[in-house]
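Below are my notes on the model, in numbered points. Please read them with the structure open.

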Amino acid sequence: MSDIRPLDRDGIAARIARDIPEGWFVNLGIGIPTKVSDFVQDREVIFHAENGVIGIGPAPSEENINPYLVNAGVQHITLITGAALVHHADSFAIARGGHLDLCVLGAFEVAANGDIANWAHSAHEPTKQVGGAMDLAVGAKRLWVAMEHNNKRGGGPRLRTTCSYPLTAKGVVQRVYTDIAVLEVTPDGFAVLDMVPGLTRETLQSRTEAPLIWR
Amino acid sequence: MIDKFVPSLALAVAGIQDGATVLAAGFGPGTPATLMRGLAEQGARDLTLVMNAGGRDEGPIADLLSTGHIRNLICSFVRADSVAGRLFAKGDLELEIVPQGTLAERIRAAGAGVQAFYTPTAADTILAEGRETRTINGRLCLLEYPIFADVALIDAWQADRFGNLTHRDSARNFNPIMAMAAKTTIVQTAHVVDLGAIQPEHVHTAGVFVQRVLHVPV
């Protein structure tokens, strides 16, 4: 275990960025996914924000902050040359209507059948924070998840046979990028696409609740 | 002569009744903060407020909720640590959480005269419990109804006397769709422009949806 160097949050984001080709239309959820755009510098990828922005650019400098221009996390952004702006119904038509080549979301848990839970810890939570995740999850052509492989406290698995948290959507995840591996959701379960150096198959399986398929 | 401009905040929010359903636009930018303050001061009670989010501890949403005039909040998320979250926890505020895309589409449908629609969003989640679903094209879908409203509070960058509006950058968000969905659409605009100054192809919200415009310089 001590030989493994898990990826940090930037490392997971950079690993995802490697797999995004030029020309894709991509939505990045809050958390680790927002950093993916930092690592897509050498090619043209169109980033969407659910509040109606097509073509998010690099973060503004202090002097260049436009108070009218924010992303889904209400953080200040810039636009790329060639950007477009739409209203909220059209923005979610983009999310829901199959126009995004890719959405990258964080998650609490992903199940081997592609179920994702990322909005509530319990069905009885006093308040609910749904936002746009459910629309994005059902509508994007591809859904990839960026998350830690295990819980920080206790080390419990987050790649499950069945999600224990309330679902965001059923059967929608194609790929999971964690701090130690990249997994693909297949009809037979999680298939391993990539592992960090030094990680053994036994260790990866021991940290994953669902059975793994080796290619 | 058609002239939608009103000379004061009091006149802008006059006539909003107790029990009204009020849409308030905004996603950070684009929030009609002055009109919301006017609504709080105007004193209408027992309101249903429809917004994207429940706000935090400060700001126009928190101030409006703190009046106790809002009975029911319809939005896509609420932070536990906020005025909204605490009012809900105490039982002083009813809460309906709607996925953000569904919220936008329910508002759009109301303005468009669409009486119901099916969406795959949330169909296989706990939000669908006890509600009508249908399998369409092989996907489980959830039946949703429009959110018809008495009043929409709108933020604009420019407005002319017909009520044609532009919205700046991402301040657009819910403004064009909420403007269509309410019986009375009330706008606060940063800039007043002459009729014809906004090119027809550059109008973001057509004046035909707008009833009152208040000039609130930035």
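1. Chain A holds an open sheet of three strands, ordered E7-E6-E9, with mixed pairing. Strands here are DSSP runs of type E with at least two residues, helices are runs of H or I with at least four, and both are numbered from the N terminus. Two strands count as paired if DSSP finds at least two bridges between them. Strand E7 (116-117) and strand E9 (159-160) of chain A are the edge strands; each has a single partner strand, so one side of each lacks a neighbour in the sheet.

2. Within that sheet, strand E6 (residues 109-111) of chain A runs parallel to E9(A), and two bridges join them. Ala111(A) has Arg160(A) in E9(A) as its bridge partner.

3. On provenance: this is a predicted model, in which local features need pLDDT of at least 70 and side-chain atom pairs count only at pLDDT 80 or more, while totals for chains, interfaces and linings use all residues. Residues are numbered from 1 along each chain as its sequence is written, and chains are lettered from A and ligands numbered from 1 in the order in which they are written.

4. The interface puts 34 residues of chain B in contact with 33 residues of chain A (contact: C-beta atoms, placed from the backbone, within 7 Å). On the side of chain B that touches chain A, helix H4 (83-90), helix H5 (100-112) and helix H6 (175-181) of chain B supply at least two residues each. The largest share, six residues, is from H5(B). By class, this side of chain B has 17 nonpolar, 11 polar and six charged residues. Ala, Val, Leu, Ile, Met, Phe, Trp, Tyr, Cys and Pro count as nonpolar, Asp, Glu, Lys and Arg as charged, and the others, Gly among them, as polar.

5. His88(A), Ala89(A), Phe92(A), Ala95(A) and Arg96(A) in H2(A) meet Gln100(B), Gly101(B), Ala104(B), Glu105(B) and Arg108(B) in H5(B). That contact comprises four nonpolar, three polar and three charged residues.

6. Gly68(B) sits in the loop between helix H3 (60-66) and strand E3 (70-75) of chain B. The C-alpha atoms of Gly68(B) and Val114(B) are separated by 33 Å.

Conventions
Two residues are in contact if their C-beta atoms, placed from the backbone, lie within 7 Å.
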